[in-house]
Amino acid sequence: MKQLLFFSLLFLTTITNAQTNLVKNGGFETELINWRGDVATISPYDKKTGKNGAVINQFVGNEWKAIDQIMTIPKNTYAVAFSVWIKTEGIEGGKEAYNAGAMIAEFTNNSEKQISSDAIAQVKGSNPWTNYKKTIKTPAAAQKIRIMLALAQTSGSIYFDDVKAVALSEEEYSKLNPVTANPEN
């Protein structure tokens, strides 16, 4: 009986310490549920995994087209590891570096006022499915994250799948980003 209790506690501890994706429906398996905006469509044909991916198309013009999702940052989050799979077709770009297909992470306060903004991916041209990753330390006043998937004032097609944002403790961040000794000393 004691062994069963021990293994049950071990199992529960493992589950509660497992890294969870803060993004709801990041694989678009339930179409565009949990995503805001009406510019994306679901593609059951062009996807990285699962049954669906999301696509934003713009064949004429250079409007800002994006979908987004806002999530609360869990307590004791030191950093957030972002990742996304992206495929592009004919993204032309523009005068500005941000005129591209993009995933952008915005850290905000509780009123959703922007504190910082980071591009996780900025992609131009035609590219096969590629995984983009970036880990960002959480700003001190940040309470929420807004993830935007966009075709930023350019034409072309961009496909998204497996969008993730995983909260990391300082210990988990340190394991992923070990401090290296300065070779000059």
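**A loop and its surroundings**

Author: N110 is found in the loop between β5 and β6, where helices (H or I, at least four residues) and strands (E, at least two) are DSSP runs that are numbered from the N terminus. Before going further, please keep in mind that this is a predicted model, in which local features need pLDDT of at least 70 and side-chain atom pairs count only at pLDDT 80 or more, while totals for chains, interfaces and linings use all residues. Residues are numbered from 1 along each chain as its sequence is written, and side-chain values use heavy atoms, with hydrogens and water left out.

Once neighbours within four places in sequence are set aside, N110 is in contact with Q143 and K144, contact meaning heavy atoms within 4.5 Å. N110 and I145 are 35 residues apart in sequence, and their C-alpha atoms are 9.7 Å apart in space. The loop between β5 and β6 also holds E112, which has a positive phi of about 65° although it is not a glycine. E112 counts as partly exposed, at 39% relative accessibility; here buried means under 20% relative accessible area, exposed means over 50%, and partly exposed lies in between, with a 1.4 Å probe and protein chains only.

In soluble globular proteins, nonpolar side chains tend to be buried together.

A search of the whole structure finds three aromatic pairs, and F82 with F107 forms an aromatic pair that is edge-to-face, at 6.2 Å centre to centre and with 75° between the planes. Because F82 lies in strand β4 (residues 79–91) and F107 in strand β5 (residues 101–108), the pair ties together parts that are 25 residues apart in sequence. For this term, rings of Phe, Tyr and Trp (its six-membered ring) pair if their centres lie within 6.5 Å, and planes under 30 degrees apart count as stacked, over 60 as edge-to-face and the rest as tilted.

N25 is buried, with a relative accessible area of 14%, and, not counting residues up to four places away in sequence, N25 touches T30, E31, L32, I33, N34 and W35. A polar atom of the N25 side chain lies 2.9 Å from the backbone oxygen of E31, and the side chain of T30 makes a polar contact with the side chain of N25 at 3.2 Å. A polar contact is a pair of N or O atoms within 3.5 Å; within protein, one must be able to donate a hydrogen and the other to accept it, and residues adjacent in sequence count only if both atoms are side-chain atoms. E31, which lies in the loop between α1 and β1, has a phi near 55°, a positive value in a residue other than glycine. T30 lies in the loop between α1 and β1 and is partly exposed, with a relative accessible area of 42%.

T30 and K51 are 21 residues apart in sequence and 9.2 Å apart in space, C-alpha to C-alpha. K51 is also one of the contacts of S43, together with N52, G53 and V55, again leaving aside neighbours within four places in sequence. S43 is placed in strand β1 and counts as buried, at 8% relative accessibility; the side chain of S43 reaches the backbone nitrogen of D46 at 2.8 Å.
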